[in-house]
Amino acid sequence: MPNQNTEGEHEREDGDSDLPMGRSRRFLSRVRLFDLRDQYWRILDAWEEHRRFRLAVYGLLLGGVMIGATWIWIHPWWSERTAIGMARQWLAAGRLDRASESVQKALSIAPENPVVWQMAAELARLNGNKAMALNYAHYAAEVSQWGDTYVLAWASSAIQADKLDDADKALAYLPAAFLESSSLARRIAGEIARRKGQLNLAQEHFEAALKLDGPMAVDEVPLGIVLVNSAHPAIRQRGLALLEKWAERSDIGASAIRALLADALVHDNAPGMLKWAQALKSHPGCTLGDIPNCLLGLLRSDEKEFKQVLVQMEKAHASDPSQAALLIGWLNRIGQGAEAFRWAHGLPSSLTSPPAVAISMAESLRQTGSWNELQQLVQTVDFGEKLRFMGWAYGMLAARQLKQAERENELWNTLKAHAESNGAHALFAANTIYSWGWSDEGVLLFKIASEVPGVEMQALGALLRHYQVQRDAIGQFEAYRSLRGLRSHDEAIGNNYAFFASLTGRDYPGAERISRDNFEHHPENVTYRATYAFVLATHGSHAEAHRLLRPVSKEWKKSSALAFAYGYILAKTGDKAQARIVLASLDPGTLSKLETELLADALK
């Protein structure tokens with residue numbers, strides 16, 4: 001049966017003859033499903049045959065790419081923009097709590113965005129934390145790689161925090177051409193000069209800003225504040241006119257009126273005192289710090305008006321101890337201690353027994369010289385844990401005036417021992433005692449405070465002011481040496497240390513290294529250049545110092561540091577006539593005794 005054999009042979013070729021035919025074919029079909037090559041060609045055939053399928057796949061792929069791109073690039077941008085926008089809105093609305101949350105979120109999303117750090121600085125400023133605002137503004141400038149806008153904001157924050165060295169340091173990052181052409185930079189430089197007492201330089205900066213901006217309040221008011229301090233009648237009158245021009249403004253008007261009232265007080269102008277005291281008291285920009293000058297203006301110009309206002313204030317402040325302490329303090333500040341004690345003595349004991357009120361009453365008794373009453377007060381009133389040290393200070397004062405030496409020494413030793421463990425109390429007591437004219441005791445407490453972490457910078461600052469008033473160069477050197485120990489990387493402190501180290505002959509190698517480094521890092525900074533030149537000159541390198549100052553020699557009228565160094569070097573190199581011209585621009589009261597002696601010797 002040939003046909004059967006042939007079929008059997010074909011069966012063996014197609015599959016396993018041991019399996020039934022139906023099962024074999026089903027098995028083979030399943031195996032072919034796992035044949036990748038066949039599946040690939042089937043997919044290609046289906047891809048070519050189904051156009052809608054292809055379009056759907058293309059759409060899915062494009063959508064996936066777009067979603068991925070959105071998540072990787074667009075979403076972070078959107079999140080950052082949203083966080084910054086929300087923070088701005090909350091700041092504008094005055095909702096500082098919500099603004100704080102938004103700023104924190106923005107910082108976590110975009111820590112390298114200087115705008116966020118600038119908003120953090122603004123938030124800190126609105127919360128009254130000037131030191132933190134300064135730190136954030138500095139970081140914003142650094143993150144921006146010293147962009148002009150952020151550097152100016154840093155300088156402004158430094159002025160608000162009364163850190164003039166930091167403000168100078170900020171301006172040093174700006175190109176000279178920008179400093180000349182920016183009205184804001186000019187205003188900042190003018191304010192720095194004004195606060196340093198360099199009124200001619202301040203006037204120059206404000207005049208330049210005024211030329212750049214035109215007649216604007218932000219330029220004319222600070223210029224007026226400078227001009228009213230002039231001894232020249234015409235210049236002072238121009239300043240008064242500028243201030244009066246803007247006195248009614250709701251924003252900057254308070255600053256103008258303060259200056260006008262201060263001028264009236266200085267010149268004993270009774271009509272002006274009355275007018276501007278009333279204007280400032282009713283101005284929306286009037287602060288608690290303005291009240292003493294307002295009261296003083298009324299007292300000196302119209303005693304009847306003063307008494308009427310005082311009666312109203314006494315009624316308003318007689319219901320709360322903190323308000324009572326405030327009014328007593330204001331009256332003490334304007335020399336009305338007797339009136340303050342009279343009013344306080346008639347208040348219920350519940351209002352006068354709190355420590356803050358008792359301290360104010362003690363000051364009133366000090367002003368009136370009522371030493372027995374002062375001693376009785378400090379012995380009978382509990383000043384509390386926070387103000388007990390002030391009770392010791394006032395008790396020591398009363399004992400000295402009553403010739404009770406043993407009691408005075410006992411309280412003084414107690415106060416000194418307490419100061420060694422509480423820097424804040426040491427600093428406060430030092431300021432108070434120093435204001436009484438007890439300079440030796442005050443300086444000793446400042447020195448104690450300068451060794452206590454947390455207040456050492458303030459204490460050293462107070463010591464510096466003392467040594468400046470005393471024109472004591474050695475004391476200033478020692479203070480700057482301590483400051484440098486605390487802030488070794490602060491270039492401004494290093495500059496002052498280098499100057500006084502050279503002046504006093506204490507540390508020439510250190511002074512030369514520090515001043516050279518400052519100059520090399522900031523060759524555009526005239527003050528650093530002048531200090532380096534002075535250090536070289538004090539070591540005999542007069543020609544090298546002269547070459548160093550030659551490029552900026554024409555700017556000596558703008559910088560007292562440059563005028564001092566340049567005048568000294570001119571004298572040492574033989575040009576004594578020009579040296580006298582340059583040095584005549586310096587205010588002798590700002591020079592230490594050693595500086596005066598050094599210049600006099602150079603000019604011989």
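Lys245 is partly exposed, with a relative accessible area of 47% (buried means under 20% relative accessible area, exposed over 50%, partly exposed in between; 1.4 Å probe, protein chains only). The model is predicted, so local features need pLDDT of at least 70 and side-chain atom pairs count only at pLDDT 80 or more, whereas totals for chains, interfaces and linings use all residues. Residues are numbered from 1 along each chain as its sequence is written, and side-chain values use heavy atoms, with hydrogens and water left out.

Lys245 forms a salt bridge with Glu220 at 3.0 Å, N to O (a side-chain nitrogen of Lys or Arg within 4 Å of a carboxyl oxygen of Asp or Glu). Glu220 belongs to helix H13 (residues 217-227) and Lys245 to helix H14 (residues 233-245), so the pair ties together parts 25 residues apart in sequence. Helices are DSSP runs of H or I with at least four residues, strands are runs of E with at least two, and both are numbered from the N terminus. Glu220 is buried, its relative accessible area being 6%.

Two further salt bridges lie within single helices. In helix H6 (residues 114-126), Glu122 and Arg125 are three residues apart, about one turn; their closest N and O atoms are 2.7 Å apart. Glu122 is partly exposed at 29% relative accessibility, and Arg125 is partly exposed at 36%. Glu385 and Arg388 pair at 3.0 Å, N to O, and are three residues apart in helix H24 (residues 384-401). Arg388 is partly exposed at 33%, while Glu385 is exposed at 58%.

The structure holds 27 salt bridges. The protein chain has 36 helices and zero strands, and 43% of its 604 residues are buried.
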